[in-house]
Amino acid sequence: MNLLKSSKVVGFVFFFLSQCLYAQNSGFVVKGKIVESQEQSPIEFATVLLLEKDSEKAVGGTTTDAAGIFEIKTAAKNFQIKISFIGFETQYIKEIDFSTPIIELGVLHLKNSQIYNGCAEIDLF
């Protein structure tokens, strides 16, 4: 009788732990690479934000590494992605496939902003 009780307790503990682990792992990983659209060179330190679709509140974010690569882990389930870097046009990704836990965006191209295309020399002194 005691063995039956202890096996039920052990079974319950394993079930509870498996549910906790599943809850911790149920989320998304967003991956991609940011490059400059004309020369295809990676953009280091570009900002990648995950924004709630309704409120545009940030629910995650990171910057790209020297190779232009980023990875964000999040438990959020309904978000859009904002990619920005000074001198480039900000890009939004609003249509995201949430059917798999890994969201692979591939290579994303940022275009040079028209504001920063021309250089002007300014004398301050």
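A nonpolar core is a set of buried Ala, Val, Leu, Ile, Met, Phe, Trp, Tyr and Cys residues joined through side-chain atoms within 4.5 Å, where buried means under 20% relative accessible area, tested with a 1.4 Å probe on protein chains only. Before we use that, a word on the model: it is predicted, so local features need pLDDT of at least 70 and side-chain atom pairs count only at pLDDT 80 or more, while totals for chains, interfaces and linings use all residues. Residues are numbered from 1 along each chain as its sequence is written, and side-chain values use heavy atoms, with hydrogens and water left out.

Now for the core itself. The largest one has 19 residues, and the members that touch the most others are Val-30, Ile-34, Phe-70, Phe-79, Ile-81 and Ile-83. At least two residues of this core come from each of the strands E1 (28–36), E2 (47–52), E4, E5 (79–84) and E7 (102–110); a strand here is a DSSP run of at least two residues, numbered from the N terminus. Take Ile-34: leaving aside neighbours within four places in sequence, its contacts (heavy atoms within 4.5 Å) include Phe-70, Ile-83 and Leu-108.

How are the strands arranged? Strands of a sheet pair through backbone hydrogen bonds, either parallel or antiparallel. Two strands count as paired if DSSP finds at least two bridges between them.

E2 has pairings of its own. With E5 it pairs in the antiparallel sense over six bridges, where Val-48 sits opposite Ile-83 in E5. With E3 (residues 58–63), E2 is also antiparallel, over five bridges, and Leu-51 has Ala-58 in E3 as its bridge partner. The hairpin of E2 and E3 has five residues between the strands, and Glu-56 in that hairpin takes a positive phi near 60°.

Let's finish with Thr-74, which lies in strand E4 (residues 69–74). Is Thr-74 buried or exposed? Thr-74 is buried, because its relative accessible area is 10%. Its side chain reaches the backbone nitrogen of Ala-76 at 3.0 Å. Setting aside neighbours within four places in sequence, Thr-74 is in contact with Gly-27, Phe-28, Leu-50, Val-59 and Phe-79.

Note on methods. Helix = DSSP H or I, 4+ residues; strand = E, 2+ residues; numbered from the N terminus. Buried < 20%, exposed > 50% of the residue type's maximum accessible area, 1.4 Å probe, protein only. Polar contact = N/O pair within 3.5 Å; in protein donor to acceptor, adjacent residues only side chain to side chain.
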